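Take a walk through this protein model with the structure open beside you.

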Amino acid sequence: MKHPIFLQPVFKEKIWGGTALRDKFHYNIPSKNTGECWAISAHPNGQSIVSAGEFKGLTLGELWGKYPGIFGGMKQGDFPLLTKILDANNDLSIQVHPNDENSNNKENGIQGKTECWYIIHCEEDSEIVLGHNANTKDELINMIENKQWDRLLKRVKIKPGDFFYVPAGTMHSLGRGILVLETQQSSDSTYRVYDYDRVDSDGNMRELHLDKAIDITIIPHELKESRSMVLNKDEATITKFVDSEYFSVYKWKVNGFFSYTQNERFQLASVIEGTGQIKTADGTSLIKKGDHFILPFDLGDFEIKGNLELIVSHP
């Protein structure tokens, strides 16, 4: 296949969501409390749909199952990755995700959830929670039981363009006023530790999962800093943010012309700023902010022209 495969996202309403996905990306969101855009997803809880071409109307899961050649024959288990854009109009819950081993034991074989964040936009003085200050499990339990959140949680000031790697077992949260692109394992397993005593539209507090969360949290917290590598090619800057056992994530910033050869089994691409075009052996497609597409295995050589920024990932 010599052309990109464009996908239609799925949107999720959340108690902490807002309207940034509409205001900044011009998506047709379902409500003023839209928190998540599942941009490239084959997860059963929300599948992207091919929006054009010979596979139009297929879900990504169907494409993965029926046409393994698109993905370089990579057809072991479920589609491995999930790309989201999150609108944290309000604070997300303090949470932790299981790793593959934890999830196999607790969630009937569902894969774990290591993730990473690229900060697209944030308000001044925005911050995230990334880790905790407990040195032992008993200390962690004591601070949770006594609601010593300021003492327990590690908070980090952020700015647009920052990148954070969040391994499974890391206590974390997005603060209010943050728009982030998240690359993660294809999992929807979340254990909430604290949710600010909020209630939903029916007046009910959301469920917490303290026993599971405490059991899988890495103690003491291990800081996993990512060291970016920058390459200039043609009229583009390629920044590699992370190269982990689950995914590699890059930013392509193009100011003019960029030529590339697709040499991975497949790549996932999200345009987060600007407009341009991608030219392949099959023709030229316009691309713009808010577009999401797959670069298939046998795409070969291609060119991107324009002024735009993309977040690109692959397993």
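This is a predicted model. Its largest pocket has a volume of about 350 Å³. The lining holds 22 residues, and the closest to the pocket's centre are Lys14, Glu36, Gln95, Lys113 and Thr190. Which strands supply at least two residues each of this lining? They are β2 (10-18), β3 (34-40), β7 (81-88), β9 (115-122) and β13 (172-174). Strand β2 gives the most, with 3 residues. By type, the lining residues of this pocket divide into 10 charged, 6 polar and 6 nonpolar.

Now find Glu115. This residue sits in strand β9. Is Glu115 buried or exposed? Its relative accessibility is 2%, so Glu115 counts as buried, because buried means under 20%. The side chain of Glu115 makes a polar contact with the side chain of His172, at 3.2 Å. Beyond its neighbours within four places in sequence, Glu115 is in contact with several residues, including His97, Tyr165, Glu182 and Phe247.

Next come the rings. The structure holds 20 aromatic pairs. One of them joins Phe25 and Tyr27: the pair is stacked, with 5.7 Å centre to centre and 5 degrees between the planes. Phe25 and Tyr27 are both buried.

Trp64 and Phe266 pair in another way. Their ring centres are 6.2 Å apart and their planes lie at 70 degrees, so this pair is edge-to-face. The pair links distant parts of the chain, 202 residues apart. Trp64 is in helix α2 (residues 60-66), while Phe266 is in the loop between β18 (248-261) and β19 (267-280). Trp64 and Phe266 are both buried. Together with Phe71 and Phe79, they form one aromatic cluster.

Methods: Residues are numbered from 1 along each chain as its sequence is written. This is a predicted model: local features need pLDDT of at least 70, side-chain atom pairs count only at pLDDT 80 or more; totals for chains, interfaces and linings use all residues. Side-chain values use heavy atoms; hydrogens and water are left out. On a 1 Å grid over the protein atoms alone, a cavity is a set of points where a 1.4 Å probe fits but cannot get out, and a pocket is an open set with protein on both sides within 12 Å along at least five of seven lines; lining residues have an atom within 4 Å of a point. Grid points are joined across faces, edges and corners, and a volume is the space filled by probe spheres set on the points. Helices (H or I, at least four residues) and strands (E, at least two) are DSSP runs, numbered from the N terminus. Ala, Val, Leu, Ile, Met, Phe, Trp, Tyr, Cys and Pro count as nonpolar, Asp, Glu, Lys and Arg as charged, and the others, Gly among them, as polar. Buried means under 20% relative accessible area, exposed over 50%, partly exposed in between (1.4 Å probe, protein chains only). A polar contact is a pair of N or O atoms within 3.5 Å; within protein, one must be able to donate a hydrogen and the other to accept it, and residues adjacent in sequence count only if both atoms are side-chain atoms. Contact means heavy atoms within 4.5 Å. Rings of Phe, Tyr and Trp (its six-membered ring) pair if their centres lie within 6.5 Å; planes under 30 degrees apart count as stacked, over 60 as edge-to-face and the rest as tilted.
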